[in-house]
Amino acid sequence: METHHTRRPGTTRPRAALIALLAAAGLLTGCGAGGQGAHSADGSDRSDGSAGLPAPAPAYTSGGGQQGGEQGEDGTAREVAPSPDHLSTFALDVDTASYGYARRSLADGRRPDPSTVRPEEFVNSFRQDYARPDGDGFSVTVDGARTDRRDWSLVRVGLATRSAGPAGERPPAALTFVVDISGSMGEPGRLDLARQSLDTMTDRLRDDDSVAIVTFSAQAETVLPMTRLGDHRGRVHDAVDGLEPTDSTNLGAGVEKGYATAVEGLRRGATNRVVLVSDALANDGDTDPDSILDRIDGARREYGITLFGVGVGSDYGDALMERLADKGDGHTVYVSGEDDARKVFCEQLPRNIDLVARDAKAQVAFDPETVAEFRLVGYDDRRVADDDFRDDRVDGGEVGPGHTVTALYAVRTRPGAGGHLATASVRWLDPDTRAPHERSGQLESGSLDGSLWKAAPRLQVTAVAAYFADALRSGDERYRTLPGDPGLTELGRHAAALANTTEDGDVRGLADAIDRARDL
């Protein structure tokens, strides 16, 4: 977890002090135009999407935040005098597979491998209370609360898209199901669950939607070309019901064939998406995600075809599926049983097939006058160079309607400092016109809740999910413990109380998972 130290203007040598003052001036100018303070969702749209918002990172910033001419932590001299880094930039991510797979592992009596635990996917697995925008794009909510550790707070940046409207309001969908029928998919809860899920999804789609089916094991083949549903649902069901496990897993061949089939059946004006259903245990052919994606890069970029990854199985190739989704302009979920399948393919169907924003990125500017240190929780493989926030050639995240995206920061404030704390901005491209837009929200230090465990219930749920992920990664020296960590026993008590307060079954499931982890 990368930590950033900010340095107040005036505490450096003259040249560096001037640089820092210029950076702070640019930050404060942007903050003054943003809106109404904490919890705001203000901002203005222009053709370049940048009206009144903080400037992107200047060329002289440095992630390390070390002062030039001094010794770094390793004792070596720094040759350049960079400004302290007060910016944090990342591509949006709506994946939730890491949390789903962790719950499955705990239910099977084993703790998940720390390398499969991604805190942002734990946090993004839960309902939030953010206001939603009226149209496409995002609202921005910024809030936070103080932890039990002196001067440390958790700051929550919440982004929300509009609610999914009635099914008839979205564009038609052209979906290519790419289904793993390798031998490993014969285990209960894999191909049988995939068949059930695809049957359910087919029944929920509209008559003007289209479906194609590609299967893969040692080789890949198109079982059903792109077919307008209308009166042809029976053909789709017959193809799905005929899926049987066979040989090895040539996932690369399946993805390549899937995209070729999607291009062949491409529908202009529709949402064209590949739905990959697999345990991602590739053991044949090309197994490198970057190499696989290179082979379908033209289809992805030229035609805007996105990827929706659905993971299944007690043994699951999490890293491969996550990498494919991140680089394939999509997202992943993990389905462990019928309840998960019903949620993903029924309740959440619009958000998983429609798009309201492309290449979405967020940038948070912390005020160096009030913030001494900060670090983003998770998003380790979604970081973006600060200079690239407004470079629309740089890949971001694709987000559908009804989604929320949450980023949690551990923030150490300067003792006695008050005033402006942070400005959060989100930038995205319209999925049809590719026009850029931005929105921002702000937070004042006086608006932090006095105690995390007396804050709004949904902010507490966010914190519990982050602390839980942190606990499951304990022992991995790459990550520092979050400030105010209450330990699994106390965390379980907080989760159980929140389950009662929110009356949310997902929060009850979180409490149960924490209890299992503690017992293990």
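The side chain of D93 reaches the backbone nitrogen of D95 at 2.9 Å. This counts as a polar contact (a pair of N or O atoms within 3.5 Å; within protein, one must be able to donate a hydrogen and the other to accept it, and residues adjacent in sequence count only if both atoms are side-chain atoms). The model is predicted: local features need pLDDT of at least 70, side-chain atom pairs count only at pLDDT 80 or more, and totals for chains, interfaces and linings use all residues. Residues are numbered from 1 along each chain as its sequence is written, and side-chain values use heavy atoms, with hydrogens and water left out.

D93 lies in the loop between β2 (87-91) and α2 (97-107). Helices (H or I, at least four residues) and strands (E, at least two) are DSSP runs, numbered from the N terminus. D93 is buried yet has no salt bridge. Its nearest side chain of opposite charge, R382, is 4.0 Å away. Buried means under 20% relative accessible area, exposed over 50%, partly exposed in between (1.4 Å probe, protein chains only). A salt bridge is a side-chain nitrogen of Lys or Arg within 4 Å of a carboxyl oxygen of Asp or Glu. For charge, Lys and Arg count as positive and Asp and Glu as negative; His and the chain ends are not counted. Beyond four places in sequence, D93 touches E120, E121, N124, D326, Y379, R382 and V405. Contact means heavy atoms within 4.5 Å.

The protein has 14 helices and 16 strands. Of its 520 residues, 60% are buried. Among contacts between residues at least 6 apart in sequence, 79% join residues at least 24 apart.

Helix α4 (residues 191-204) has 14 residues and should span 20 Å at 1.5 Å a residue; its end C-alpha atoms are 20 Å apart, which agrees. The expected span is 1.5 Å times one less than the number of residues. Buried residues of α4 include L191, L193, A194 and R195. Their cover includes β5 (173-180), α5 (233-241) and β8 (271-278).

Helix α14 (residues 505-519) reaches 21 Å from its first C-alpha to its last, close to the 21 Å expected. At its start, a side-chain oxygen of D504 comes to within 2.8 Å of the backbone nitrogen of D506. V507, G509, L510, A511, A513, I514 and A517 are buried in α14. Cover for these residues includes α2, α12 (457-472) and α13 (488-502).

The count comes to 30 salt bridges. One of them joins D318 and R118 (2.7 Å, N to O). This pair links D318 in helix α9 (residues 318-327) to R118 in the loop between α2 and α3 (119-123), 200 residues apart. D318 counts as buried because its relative accessibility is 5%. R118 is buried too, with a relative accessible area of 9%.

R233 forms a salt bridge with D207, the closest N and O atoms being 2.8 Å apart. R233 is in helix α5, and D207 is in the loop between α4 and β6 (210-216). R233 is buried at 18%, whereas D207 is partly exposed at 46%.

K343 and D506 also form a salt bridge, with the closest N and O atoms 2.9 Å apart. This pair links helix α10 to helix α14 across 163 residues. K343 is partly exposed at 23% relative accessibility, as is D506 at 26%. Salt bridges that share partners join R118, E121, D318 and E322 into one network.
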